[in-house]
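User: I've got a structure open and I'd like to learn how to read it feature by feature. Can you walk me through it?

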Amino acid sequence: MPLSRIHRPQQFKDVTGQAHVTETLRREVAQGAIGHAYLFSGPRGVGKTTSARIFAKALLCTTPKEGEPCSACAACVDVANGQCLDLIEMDAASQSGVEHVREAIIEHVRFAPARWARKIYVLDEAHMLSTSAWSALLKTLEEPPPYAVFIFATTELHKVPATILSRCQRFAFTRIPAEAMSERLQSLAVAEGVSLDADVLAALVHAADGYVRDGESLLEQLLSLGGKTITQEIAELVLPTSRIPVAAGLLTHAASRSVTKTLEALRTAVDDGVTPVVLFDDLLQVTRTLLHGEAPTGADASSQAVAALHGRFSLGELGDIALLLIERRRDARQGVDPVFALELALVTIAGGLLPHAASSSAPHSSANVSSSIHAPTMTPAPRPAAVVESRPEPAPLEKREDPTPSVHTDVPAAVIEPAPEPHPSVPITTNFSPDAPLDVHEVLLKWREIIRTVEQENRSLPFVLKIAAPESVQGDVLIIRFQYPFHYEKIIGDLKTKRILESALRSVLGREKLTVDGVVGELVGGADRTGTADIVSNVLNAFGGSVVE
């Protein structure tokens, strides 16, 4: 027999964590102020059906004691053994039709109780009744026989018609607090002659998440392993391993503004088998605990790991972190690589890039961010003064006698009017022939357009492409240099994202056979080349000319 049935509460005082309901019901029985219809609503596994049976037993009991059933009289024994003809239990999930309601209730309620003073009808999962069944039952609820009492239990109160709600006394059951859950599970373990380690009990309470039935089921699985003492090693065979310490460790590195250590810790966690989507939930759980403002005081590893984070983030930054994690988790569930989504979120937190991030707590954060995120774009080539100064006065350029005007040494020569002899030292052109071999400078000039094209298919990939740089072209293969190995894996190692990038390259560059490959290492010259491409574009926009080879 399941543990939950062996130790099912038999009196109101034995129900866990629902004193606001059970005390009211007990006083009604004690005072004889009994209604004709009750509605118990609340989440699953918190005692609705159990309370309904205790209430029914108390109403049928011949010698109740201050509203509690005596559990000794014939009526209580009949109810406990499931042999009471005057207690009718229905599962509305399997008997939802109007014909079931008419046969089991409407026609049945007209007859007097078989043995005891009342007839009690308990309808579990009452929200499953059809609209016609509710309509047929309405008249009986309005004018029931004096001996009839109806008890409805539901997990979805909003599905019960308003006409029914208005005729019932409503009681809202809530999730069980952690302290009450711990006491309940500990008492069950003692009753079974088993000792639970503190960490095991805390893990059980956390896994139960406020639902007594879930906690009892998990405890029953632990007891089935045998032994008089359940240790953490034994419990790990049944209980899902808590990832709260892992999540707290990631946020600890992020609070220190160490991007590298944060990503290394994430990689270690993923290699150890942590499910990324579950890790999102654990990170949100830690953030939520920190938002409550009180450091956990438990002795288990999870509580201690979270307590160490207390005060490391401001309230505003915690709010930013929660919103960021929710957004990135949504991306992961909509098809974005979950590990990549986690990396994006943690880099943003560790880099101090959130609106309410405290810069004073991380004096070295700018170095981390610059070396880990913005390396390709931190040192753009200087913009020549001639580009800025000549924009409002293009006329003097038309008076030059030299067909090839001199420009800054870092900028390729711009020809306003096509010269009879192209300058031999200009390596860049904006009029590329599709038949000519692809040059990396052509890719650089159109890199931003390529990124915009990729963004139309995948909104996360541009983050990586903006901090990568085209390295070289080898035949029909474009080599891209990535600063981090995991960026290489996300673009080149993932066939789906690689095809998105190749499609964008072919569309923008007009090269149908073009493919991509990559290398990993520090970007050398990538930023300067991109900066040069930007300068050439600015020169062309300013003077209205074209660069030819």
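## Reading the fold step by step

Analyst: Two strands count as paired if DSSP finds at least two bridges between them. The labels come from DSSP runs numbered from the N terminus: helices are H or I over at least four residues, strands are E over at least two. Within this pair, Leu87 sits across from Ile120 of E3. Between E2 and E3 the chain passes through helix H5 (residues 98-106), making a right-handed β-α-β crossover. To judge that handedness, point the strands away from you: it is right-handed if the path from the first strand over the helix to the second goes clockwise.

User: Before we go on, what kind of model is this, and which cut-offs apply?

Analyst: It is a predicted model, with local features requiring pLDDT of at least 70 and side-chain atom pairs counted only at pLDDT 80 or more, while totals for chains, interfaces and linings use all residues. Residues are numbered from 1 along each chain as its sequence is written, and side-chain values use heavy atoms, leaving out hydrogens and water.

User: Where do E2 and E3 sit in the sheet order?

Analyst: They belong to an open, parallel sheet of five strands, ordered E2-E3-E4-E1-E5. E2 and strand E5 (169-172) are the edges; each has a single partner strand, so one side of each has no neighbour in the sheet. On average, neighbouring strands here are turned by 15 degrees against each other, ignoring direction. Further in, strand E1 (residues 37-41) and strand E4 (residues 148-154) run parallel and are joined by five bridges, with Ala37 opposite Phe150 in E4.

User: And which strands do the helices lie on?

Analyst: H5 lies across E2, E3 and E4, at about 155 degrees to E3. Helix H6 (residues 131-142) packs on the sheet too, touching E1 and E4, and its direction makes about 140 degrees with that of E4. For such angles, axes are lines fitted to C-alpha atoms (for helices, over the stretch in contact), and values run from 0 to 180 degrees between N-to-C directions. Touching, or contact, means heavy atoms within 4.5 Å.

User: How do I read the buried side of a helix?

Analyst: An α-helix has 3.6 residues a turn, so residues three or four places apart point the same way. Take helix H9 (residues 198-208): its buried residues are Val200, Leu201, Leu204, Val205 and Ala208. They span an arc of only 135 degrees around the axis, which puts them on the same side of H9; the arc is that of the directions from the helix axis to the C-beta atoms. Among the elements covering them are helix H8 (178-191) and helix H10 (212-223).

User: What about the three-strand sheet: what is its order?

Analyst: The order is E8-E9-E10, in an open sheet with mixed pairing. Strand E8 (469-474) and strand E10 (515-520) are the edges, each pairing on one side only, and the twist averages 30 degrees from one strand to the next. Strand E9 (residues 477-482) and E10 run parallel over six bridges. Helix H25 (residues 495-509) packs on this sheet, touching E9 and E10, with its direction at about 120 degrees to that of E10.

Notes. Buried means under 20% relative accessible area, exposed over 50%, partly exposed in between (1.4 Å probe, protein chains only).
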